[in-house]
Amino acid sequence: MNNQISSWSIIKVFFQSFAFYNSIEKNFKEKIKASNLDSANKSIQQFESIIQFLDTKDIALLRDKYLVDLRQLAHAEFRSRKKMERFDIYISEIFHEVSILKEQKYILEHYFQRKDQINPEEFNQMINQTYELFETKMEHIKILFNNAKGRLEEILPAYRNDDFILRTLYLEGSKLL
């Protein structure tokens with residue numbers, strides 16, 4: 001039964017974390033679109049709003065609540081096997097990419113507090129690079145989540161005869177999926 005609970009937890013926490021990430025990404029893209037921020041029309045004033053584009057609390061919640069648990073569950077389930085499991089690797093990669101986003105956001109906030117002490121050209125270059133990093137990382141995390149979802153969908157048929165997982169999926173699946 002413990003293995004069944006662990007397997008169900010992987011499924012549940014994965015889809016919860018993916019949904020939470022999708023809401024963060026959607027919010028990020030909507031804020032960029034609303035601000036008319038693009039590579040053709042960049043200014044420091046426009047980039048100052050990037051601080052609000054990614055909410056540090058949401059990124060921390062995604063990492064510390066969902067991804068820490070998911071990574072531990074995936075490690076426990078798959079690391080004892082002889083062959084490396086791609087799902088486990090995708091989850092580890094997602095965790096690290098989200099951690100990079102969180103740290104980069106923290107660093108950016110630090111520089112914004114001291115922007116008057118930094119050469120304006122260097123500051124503008126740093127802002128441009130950070131913006132591009134955010135866009136790139138967000139897209140890469142989305143790809144990793146989709147890859148992990150695809151791999152999980154390949155794994156799921158192994159549970160087709162598992163009464164516990166099927167029953168739990170029937171009861172909770174509609175709000176989870």
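**View 1. The start of helix 5, with glutamate 85 and phenylalanine 87.** In this predicted model, a side-chain oxygen of glutamate 85 comes to within 3.1 Å of the backbone nitrogen of phenylalanine 87. Helix 5 then runs through residues 86-113, 28 residues in total. From first C-alpha to last it reaches 41 Å, close to the 40 Å expected at 1.5 Å a residue (1.5 Å times one less than the number of residues). Helices here are DSSP runs of H or I with at least four residues, and strands are runs of E with at least two, numbered from the N terminus.

**View 2. The largest nonpolar core, with 45 residues.** Phe14, Leu54, Leu62, Leu67, Phe87, Ile94 and Phe145 have the most contacts inside this core. Helix 1 (2-35), helix 4 (56-78), helix 5 and helix 6 (120-155) each supply at least two of its residues. Such a core is a set of buried Ala, Val, Leu, Ile, Met, Phe, Trp, Tyr and Cys residues joined through side-chain atoms within 4.5 Å; buried means under 20% relative accessible area with a 1.4 Å probe, protein chains only.

**View 3. Leucine 54 and the residues it touches.** Leaving aside residues up to four places away in sequence, leucine 54 touches Ile24, Phe28, Ile59, Leu101, Lys105, Phe134 and Met138 (contact: heavy atoms within 4.5 Å).

**View 4. The protein chain, with 7 helices and 0 strands.** Buried residues make up 42% of its 177 residues.

Notes for all views: residues are numbered from 1 along each chain as its sequence is written. Local features need pLDDT of at least 70, side-chain atom pairs count only at pLDDT 80 or more, totals for chains, interfaces and linings use all residues, and side-chain values use heavy atoms, without hydrogens and water.

How values were computed: A polar contact is a pair of N or O atoms within 3.5 Å; within protein, one must be able to donate a hydrogen and the other to accept it, and residues adjacent in sequence count only if both atoms are side-chain atoms. Buried means under 20% relative accessible area, exposed over 50%, partly exposed in between (1.4 Å probe, protein chains only).
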